[in-house]
Structure formats: C-alpha cells, structure tokens
Amino acid sequence: MASALINVPKKAKRGDVIEIKTLMSHIMESGFRHTSAGDLVPRDIITSFVCRYNGAEIFRADLFPAIAANPFISFFTVAKDSGKFEFEWIGDNGFAETASAAITVE
Amino acid sequence: MRLRSAIAFAAIALAACPVLAGEIPPDQRRSGTSFMAPATRAIQDDDTANPGMLFALDGEKLWNKKIGSAGKACADCHGDVAESMKGVAARYPAFDKAQGRPVNLEQRINLCRANHQRASPLAYESHDLLALEAFVAKQSRDIAISTGDDPQLSPFIEKGRDLFMQRQGQLNLSCANCHDDNWDRKLAGSAITQAHPTGYPIYRLEWQTLGSLQRRLRSCISGIRAQPYDYGALELVELELYLMSRARGMKMESPAVRP
C-alpha cells in the first residue's frame, strides 16, 4: 500500500477559493534508464490522476515519464458544499490508489 | 638578490592562496536549509509537500509491525515513539558497548532487529531502513544536536576530524577545503554549504528519494575522485560522528529536503 499525503482545508466559507495539495509515493521509473548490465529498466509510472468533489470530477491530469518521483499535484477549486474529495491515481503494472478528505463548508 | 626574489615569490604565492578559514565559529554556523532556494525551502516547510514524510509514514507502519522469530514490533519494547524516540537521532552516532565502537542510527536499528526482534538486517539505503530511520529521526525535530556527550566517543571524533582535514583523491581535496574554507561560495552553480548534518535522512531532489548521511558522504568522496568507504564502514561512522559533534546545539530538521 503506497502512502499518500493530502492537504485540504478542514473548513471553508461558501465561495472561497481553496488550494488542494496531494503527494503520492511512487518511483516514477521513466523507462529510459539502463542497468549497469545494459538492460532497459521497464517504465513504471503513474499515468493519470483524478479528483472528484462530491462525485463530480473537478480536476484531472495525465502524467508522463519526465515527472519526478513522488508526484506532488496541487490545484484550486471553489468551496461549494460540505462533503468529500476523492482522489485516484492510476499507473503502470496495475497501480491504483485512492484517498479521500472531508471538508465542511459554512 | 636570489634571497630577495625568493621572498617576492613567496609573497605572491601567499597572496594568491585564499586564507584558510579553519573551523567555522559557532555563531557563524548555518543549516543547509539557509542555503536553499525559497521554492525548495517551501517543500521542506510543508509536511504535506515534503516527500520525506511519505517515508516517515511507511516507517510508522513498520514501527508497529511484529517481525522476526521473536515476533516483536519496535513499539512492543519502545512504546510511544513520541516519548521514547524524542531526541534520540539528535545524539547519534552513539557508543555501543558490545561492539566497542560508535554506531549510527541505521546500525542501531539493525542491531535491535538482530538482538531483540531476531530478524534479518535491512540493507543500507533500502526503503524500509530509511523509512524507519526517518520515522525515528522525525521525533527529534527542533531538538538541539547533542552528539558527543559520551567521553568514550572522543577518540572516534578525533579520527573523524582527522579524516575531515585529510586531503585525498585525485583532486587532492579535503572536506575542510570546501566546507570550512569556502562554504560561502559556489561550486558549479550550487551552494557549497557548511556540512552540518541537521536533516538526515534527507529527501534529495537529485536522488529522487530519501538517502542517508553515509550516501551523501560517499558521493562527496567520489566527487573528489577518491575511493568511497563501504556503507557501514567505521571511517564513515567516525566522519558522521565528527560532523554531528561539530553541529552540536543546532536544531534537527529531519526528514529535510535538499536540492
């Protein structure tokens, strides 16, 4: 089980612009490197990231081999209703991780 | 005439050499953090952006996991980590009576695994060893470094100091040539820094992962084109010991981020 760190404000006022920060542990092996014996190290990266706010998709990103290990993704949204942010990372070799965070909107 | 020209030559030679600064006075000591770009510092300052914290999270899971033929977890002996491990990383490397030599935190973890958990040792720089080290070291954040209190360590600190001052490798440089004498300058665009190991294990952006002080020392040693000591070698532990004792009183910031 890979570790994730999520930073979502616990409380916000309706209409506030809030920042959401996510950090996912992953080696992000580019697929371009070779071992000392000359063999290609196969690609192993996260390929997509999605964030849903109370079920509705609000942010999506495609990831590529040039992205560093342990990708840090941060974005903004408008606080509309209390509820849940759900995060999903999908990658090579069947990598699939989810995380969630709650928010109270007043 | 010959004597006069010899004196003139000596004067020119002296003027061309930068004055050797010697060891850094305590009030001029600076953590590596103060040399970093604001963007890198922002990563370190935010626990949800610092990738070293991912390792500390994994370390917490390992801390509570029962392993080995003794079927014990770290927590079974040490209890609450915030209590038992507070300040521990700030006083390592420490003297181990059974071995008669100083051991660093990684070696202590492996000794615990062997003696108390009856488990196989973790390889140096393996994910699990670094994760445990990060989790333990995190408990010493903001605590002043106190390595070297034990008088039994003195001869080893002395040896570490000698190694720090010793010119070596094809470039014929000592650690002191950069880190004592030229820490306010740059090398290939990067800050040289004062070599105070306040934040180990560090998440180094260049490495794309967490790494130990020994990894850092080994890359410095290959940088001066010398043959690095093996992981766990007494020479590296002595060097760690000298560096930590040199940073006494500075605050721990593990797991730190470095460029």
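In chain A, A:Phe85 stands opposite A:Ala101 of strand E8 (residues 96-105), where strands (E, at least two residues) and helices (H or I, at least four) are DSSP runs numbered from the N terminus. The structure is a predicted model, in which local features need pLDDT of at least 70 and side-chain atom pairs count only at pLDDT 80 or more, whereas totals for chains, interfaces and linings use all residues. Residues are numbered from 1 along each chain as its sequence is written, and chains are lettered from A and ligands numbered from 1 in the order in which they are written.

Strand E8 of chain A pairs in the antiparallel sense with strand E7 (residues 83-91) of chain A over eight bridges, two strands being taken as paired if DSSP finds at least two bridges between them. E7(A) and E8(A) form a hairpin with four residues between them, and A:Asn93 in the turn has a positive phi of about 55°. E7(A) also pairs with strand E4 (residues 46-53) of chain A, again in the antiparallel sense, over seven bridges; here the bridge partner of A:Phe49 is A:Trp89 in E7(A).

An open sheet of three strands in chain A has the order E1-E3-E6 with antiparallel pairing. Its edge strands, each pairing on one side only, are E1 and strand E6 (72-78) of chain A, and the twist from one strand to the next averages 15°, with axes as lines fitted to C-alpha atoms, for helices over the stretch in contact, and angles running from 0 to 180 degrees between N-to-C directions. E1(A) and E3(A) pair over four bridges in the antiparallel sense, and A:Leu5 stands opposite A:Leu23 in E3(A).

The contact between the chains involves 11 residues of chain A and nine residues of chain B, two residues being in contact if their C-beta atoms, placed from the backbone, lie within 7 Å. On the side of chain A that touches chain B, the elements that give two or more residues are strand E1 (4-7) and strand E3 (17-24) of chain A, and the largest share, three residues, comes from E1(A). By class, this side of chain A has six nonpolar, four polar and one charged residues, where Ala, Val, Leu, Ile, Met, Phe, Trp, Tyr, Cys and Pro count as nonpolar, Asp, Glu, Lys and Arg as charged, and the others, Gly among them, as polar.

Chain B contains 11 helices and seven strands. The radius of gyration of chain B is 20 Å, close to the 18 Å that the globule rule gives for 259 residues, so chain B is as compact as a globular protein of that length; the radius is taken over C-alpha atoms, and the rule is 2.2 Å times the number of residues to the power 0.38. Along its principal axes, the C-alpha trace of chain B spans about 85 × 45 × 30 Å.

Within chain B, helix H3 (residues 52-63) and helix H7 (residues 127-138) pack at an angle of about 95°, with their axes 7 Å apart. That makes H3(B) roughly perpendicular to H7(B), a term covering angles of 65 to 115 degrees, while those under 35 count as roughly parallel, those over 145 as roughly antiparallel and the rest as oblique. The residues of this contact of H3(B) with H7(B) divide into nine nonpolar, two polar and four charged.
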